[in-house]
Amino acid sequence: MFIRTLSLRDFRSWEHAELELSPGRTVFLGSNGNGKTNLLEAVGYLATLGSHRVAADAPLIRIGTDRARIGATVVNAGRELRIDLELNQGAANRAQINRSPVRRPREILGILQTVLFAPEDLALVRGDPGERRRFLDELCTARLPRLAAVRVDYDRVLRQRSALLKSAGRQARSKAELSTLDVWDGHLATHASVLLAQRLRLVHDLYPYLAQAYSAIAPESRPAAIGYRSANLPPEFLDPARAPQSDDAEALEANMLRELAAARPKELERGVCLVGPHRDELDLMLGTAPAKGFASHGESWSFALALRLAAFELLRATGAEPVLLLDDVFAELDRRRRTALAEVAAGAEQVLITAAVPEDVPVELSAVPLRVETNGDADGRISRIADTETPTATA
C-alpha cells in the first residue's frame with residue numbers, strides 16, 4: 001500500500017498543496033514550525049479520522065477559513081482508490097470515495113492504513129489510561145473498520161446512560177426510570193461486548209510482536225509484555241495467551257449485564273457509569289513491574305517504539321502493508337533505537353519522514369528529500385514545498 005498523490009486545502013498551515021509521492025522513503029525537511037508535521041497529520045487523519053496532536057477538528061482548519069480538505073490517491077495491490085475528506089467548522093464533516101459522496105466519513109476507514117511514530121508517543125507509556133485505550137481502539141479499527149461504528153454507538157449510549165444515572169440519582173427513583181435504565185444497560189452491553197472482544201483479540205495477537213520488537217531494541221533490558229486489565233471481566237479473559245473464541249462477544253455481553261446489575265446501586269449513588277471498556281487499561285510491563293512509573297526514560301522510549309513497530313508488523317502480517325509515518329523521531333532516539341527503526345523502515349513499501357536536517361535521518365534509508373518552507377508572518381504562515389532541481393511536489 002502506498003499514497004500516490006496527497007492534496008491539501010486550508011489544512012493547518014497549508015493553503016494549498018498537491019504532492020506526487022512514490023513508494024520508498026520520502027523525507028520532509030525544514031525548521032520547526034514550517035508545517036512538516038502537518039503533512040503527516042493529514043495522512044494520519046485520512047487513515048483514522050483523528051489527529052495524533054489534538055482531540056478536536058477546529059485546530060486543523062486554517063485560521064480565517066471555515067473548512068479544510070484532505071485527499072489522497074491510495075494504491076493497494078495495484079488497485080487505486082481516491083479518498084477525500086472535508087472538515088467543516090460548525091457542521092458535519094463530509095467524505096468521498098472516487099469523487100462520489102458517502103453517507104458517513106467513517107466509510108473511508110480501511111482504504112488507507114498507517115502506523116505513525118511521533119514524540120507524542122511517549123504518552124503511551126507515561127500518560128493516562130485513555131492514551132493506551134485509544135492506541136488499542138485505533139489499531140482494532142485498522143484491522144476491522146466496521147468497529148468504528150461500534151465505538152460511536154458505545155460512546156453515544158454511554159453518554160445517554162450516564163445522563164440518566166445522574167438524573168435518577170438526584171430524584172426519587174421511579175419504576176419508569178429504572179425500566180429505562182434496563183434498556184440502556186442492554187444497549188451498552190451489546191456494543192461493549194463487540195469492542196471488548198476485539199480488544200482482547202488484539203492484545204493476544206500483538207503480544208508476541210511487542211515482545212520481539214522490544215527485545216531487539218533493548219536486549220539488555222527486562223522483557224516487555226502487555227496485558228488487558230479490567231475489574232469486570234473473568235480472569236480467564238485477561239490472559240493474553242488465551243486464544244480468542246468465536247463466541248467471546250456473547251459471553252462478554254452476558255458478563256457485562258451481570259456486572260451492570262451488580263453495580264447499579266453504587267452507580268445510582270454516584271451518578272456515573274462504573275462498568276465498561278471506557279474504564280479498562282492496557283498494562284505495559286517490564287519484567288514484573290509496570291512500565292509506567294518504573295521504566296527509565298530510555299526504557300519508556302523503547303516501549304513506545306516497540307508498540308508502534310509491533311502494530312506495523314501485525315498489520316503487515318494480517319493484511320495490506322501500512323504506510324509508515326515517522327514524525328521527527330530519529331533525533332529523539334539513540335543509535336540502537338535509530339538502527340532498529342531504520343531497519344523496519346528500510347523494508348517498508350512507503351515511509352514518510354519529517355526531520356529538521358538531513359543528518360537526523362539514518363543514511364541507510366536513502367530518502368528522497370523535499371524541503372518545506374513558510375511564507376508570511378508568525379500569525380499567518382503559509383507552508384509550501386520549496387523548489388528543487390528535480391521537483392516531486394508542488395504547492
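## Model and confidence

The mean pLDDT of the protein chain is 91, with 95% of its residues at 70 or more; pLDDT is the predictor's confidence in each residue, from 0 to 100. In residues 389–395 the pLDDT is below 50, and this stretch has 16 contacts in the model beyond near neighbours in sequence, a contact being heavy atoms within 4.5 Å. Where pLDDT is low, the predicted coordinates should not be read in detail.

This is a predicted model, in which local features need pLDDT of at least 70 and side-chain atom pairs count only at pLDDT 80 or more, while totals for chains, interfaces and linings use all residues. Residues are numbered from 1 along each chain as its sequence is written, and side-chain values use heavy atoms, with hydrogens and water left out.

## Sheet E9-E10-E11

Three strands form an open antiparallel sheet in the order E9-E10-E11. Strands E9 (224–229) and E11 (289–290) stand at the edges with a single partner strand each, so one side of each has no neighbour in the sheet. Strands are DSSP runs of E with at least two residues, helices are runs of H or I with at least four, and both are numbered from the N terminus. Two strands pair if DSSP finds at least two bridges between them.

E10 (residues 281–286) pairs with E11 over two bridges in the antiparallel sense. Met-285 stands opposite Pro-290 in E11.

## Helices across the sheet

Helix H3 (residues 129–143) lies across E9 and E10, at about 100 degrees to E10. Helix H8 (residues 297–318) also lies across E9 and E10, running at about 125 degrees to E10. Axes are lines fitted to C-alpha atoms, for helices over the stretch in contact, and angles run from 0 to 180 degrees between N-to-C directions.

## Cavities

The structure holds two cavities of 30 Å³ or more. A cavity is a set of points, on a 1 Å grid over the protein atoms alone, where a 1.4 Å probe fits but cannot get out; lining residues have an atom within 4 Å of a point. Grid points are joined across faces, edges and corners, and a volume is the space filled by probe spheres set on the points.

The largest cavity holds about 80 Å³ of space. Its lining includes Leu-200, His-204, Tyr-228 and Asp-248. Helix H5 (residues 175–217) gives the largest share of this lining, four residues. The second largest cavity holds about 70 Å³, and among its lining residues are Leu-196, Asn-255, Gly-276 and Asp-280. Helix H6 (residues 248–270) gives the most to the lining of the second largest cavity, with three residues.

Terms used: On a 1 Å grid over the protein atoms alone, a cavity is a set of points where a 1.4 Å probe fits but cannot get out, and a pocket is an open set with protein on both sides within 12 Å along at least five of seven lines; lining residues have an atom within 4 Å of a point.
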